[in-house]
Amino acid sequence: LNLYTAVVHENLQQDIARGDGEYLASLGTLMKVPQGRQSEFSVLSQKTYPVLFTSDQATPANTLAVLTREWETASSTR
């Protein structure tokens, strides 16, 4: 998961900005997001974009950490 995020970070950034794409879908799969909730994950990722990529903390590790935290939070309130 960490390696994937590091290798495709730039492509992942573009997919998250669009809220769709193969890199984002693959990340969701690797994060074990259920198939029926992939679109929810994509929307959540896109909403989180400003936190992920507009600071000096825009690293692959931080991207993964924030997305994991946000997804776990969203899943626990569901």
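Helices here are DSSP runs (H or I, at least four residues), numbered from the N terminus, and contact means heavy atoms within 4.5 Å. This is a predicted model, where local features need pLDDT of at least 70, side-chain atom pairs count only at pLDDT 80 or more, and totals for chains, interfaces and linings use all residues. Residues are numbered from 1 along each chain as its sequence is written, and side-chain values use heavy atoms, with hydrogens and water left out.

H2 itself covers residues 9–18, and its buried residues are His-9, Leu-12, Asp-15 and Ile-16. Buried means under 20% relative accessible area, exposed means over 50%, and partly exposed is in between (1.4 Å probe, protein chains only). Look down the axis of H2 and the buried residues fall within an arc of 115 degrees, so they line one face of the helix; the arc is that of the directions from the helix axis to the C-beta atoms. Turned away from that side are the exposed Glu-10 and Arg-18. After H2 comes Gly-19, with a positive phi near 80 degrees.

## H2 against H4

The axes of H2 and H4 come within 7 Å and cross at roughly 130 degrees. That makes the pair oblique, the label for whatever is left once angles under 35 degrees (roughly parallel), over 145 (roughly antiparallel) and 65 to 115 (roughly perpendicular) are taken out. Axes are lines fitted to C-alpha atoms, for helices over the stretch in contact, with angles from 0 to 180 degrees between N-to-C directions.

On the H2 side, His-9, Gln-13, Ile-16, Ala-17 and Arg-18 do the touching; they meet Ser-45, Gln-46, Tyr-49, Leu-52 and Phe-53 in H4. This contact splits into 5 nonpolar, 4 polar and 1 charged (Ala, Val, Leu, Ile, Met, Phe, Trp, Tyr, Cys and Pro count as nonpolar, Asp, Glu, Lys and Arg as charged, the others, Gly among them, as polar).

## H4 against H5

H4 (residues 38–53) and H5 (residues 60–76) have axes that come within 10 Å and cross at roughly 135 degrees, so this pair is oblique. Among the H4 residues that meet H5 are Phe-41, Leu-44 and Val-51, and the H5 partners include Val-66, Leu-67 and Trp-71. The tally for this contact is 9 nonpolar, 3 polar and 2 charged.

## Gln-38 in H4

Gln-38 sits in H4 and is buried, at a relative accessible area of 9%. Setting aside neighbours within four places in sequence, Gln-38 is in contact with Ala-25, Gly-28, Thr-29 and Val-33.

Methods:
Helix = DSSP H or I, 4+ residues; strand = E, 2+ residues; numbered from the N terminus.
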